[in-house]
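Q: Can you walk me through this one? Keep it short, please.
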Amino acid sequence: MMRPRLRIPLRPRLVTTPARSTLLPLACQSQLRSLHAIAPLDYNLKNEASENGIPGFLTREAFTIAWTQYQTHLLERLNALTGGTGWESRHVKDIMLGTAREPDQAPTFNYASMIHNNHFFFKHLSPEPVEMPDPLRDLIEKSFGSTETLRQEMIYTAASMFGPGFVWLVKTSHPGLPMAFKVLVTYAAGSPYPAAHWRRQDADMSTAASGIGEAGMETAKTYLENTAYGAGKKVGNPAARRADFAPGGTDLQPVLCLNTWEHVWLWDYGFGTGNAGGGKLEYAERWWEKINWELVQKEANIQRLEMSGNTGSPTSAAAATA
């Protein structure tokens, strides 16, 4: 009598492929055009922050999410949108300003603006304390009364924002002062530069100039451009660079910003409820201790005693890094 043999199936052999690291440079991860790549940070040239975070402010995990992974994500999307177009070899800031008023370019603007804003936030950080130089301190005290007033204004403005965005310190003009500083808030991917203050985005009904098609849009644009002369444009002076201000806008130059997007602070600080960390307020307070004030002074260019021209206008830079 033949007995049936019991066949026990062998465990299938798993064939795995190495997972693609989200920390690799963009050019190693994608077949897309990669003309725009992550700009280096002075304090991360040897991956110091990638390995250790920014002590006392962001852990390694938070830094990886907020800078390496998120910036890579933004750049991948921008490369996909600009590949094969006239924008692919332009500087990210030029793309941001050049698409700010084009309704069909809203996605390109959003990614370019977020790349610029996020880089601006991270590049002004320092793992080691950097004291505020006296020339910068003097000008800030003239604008705010004290550096503590500025600190509180930026921190509590960030903590009270309902929704993600950026809190900016900007250099501008003020009667009686060679230059002045003010605090400005932008939401989502909004830009502080004058050339992007008003945007012709049909998808956003709060900023759409007209609902009667391109003809109505062009009419509204002409009206707004004419109105903008009252905001600082110089008429009859061909030597003066034309400043693309929004109506009621003013000339300014950002010198510092605080990123309030949740993915930057939520990992380390939680919502600030119960024992889940100090939330966005503690994040903003610790940020103040990690500012590279030497770089802020360089951005402010305090040797210039008068503001002239629109520093937010697109440049002809051919570089393509963020």
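What follows is a chat about a sheet, a few helices and some single residues.

A: First, this is a predicted model: local features need pLDDT of at least 70, side-chain atom pairs count only at pLDDT 80 or more, and totals for chains, interfaces and linings use all residues. Residues are numbered from 1 along each chain as its sequence is written, and side-chain values use heavy atoms, leaving out hydrogens and water.

Q: In what order do the strands of the open sheet sit?
A: The order is E2-E1-E3, with antiparallel pairing. Strands (E, at least two residues) and helices (H or I, at least four) are DSSP runs, numbered from the N terminus. Two strands pair if DSSP finds at least two bridges between them.

Q: Which are the edge strands?
A: E2 and E3, as each pairs on one side only. From one strand to the next, the twist averages 25 degrees.

Q: How many bridges join E1 to E3?
A: Seven. Leu169 has Leu256 in E3 as its bridge partner.

Q: And how many bridges are there between E1 and E2?
A: Nine, between residues 165-174 and residues 177-187. E1 and E2 form a hairpin with two residues between them. Gly176 in the turn has a positive phi of about 90 degrees.

Q: New topic. Which residues of H9 are buried?
A: Val264, Trp265 and Tyr269. Buried means under 20% relative accessible area, exposed over 50%, partly exposed in between (1.4 Å probe, protein chains only).

Q: Why are they on the same side of H9?
A: Because they cover an arc of only 70 degrees around the axis. That arc is taken from the directions from the helix axis to the C-beta atoms.

Q: What covers them?
A: The cover includes helices H3, H5 and H10, and strand E3.

Q: At what angle do H3 and H9 pack?
A: About 165 degrees, with their axes 8 Å apart. That makes H3 roughly antiparallel to H9. Angles under 35 degrees count as roughly parallel, over 145 as roughly antiparallel, 65 to 115 as roughly perpendicular and the rest as oblique. Axes are lines fitted to C-alpha atoms, for helices over the stretch in contact, and angles run from 0 to 180 degrees between N-to-C directions. Contact means heavy atoms within 4.5 Å.

Q: Which residues meet there?
A: In H3, they include Ile65 and Tyr70; in H9, they include Val264 and Trp267.

Q: Last one. Is Asn110 buried or partly exposed?
A: Asn110 counts as partly exposed, at 32% relative accessibility. Asn110 lies in helix H5.
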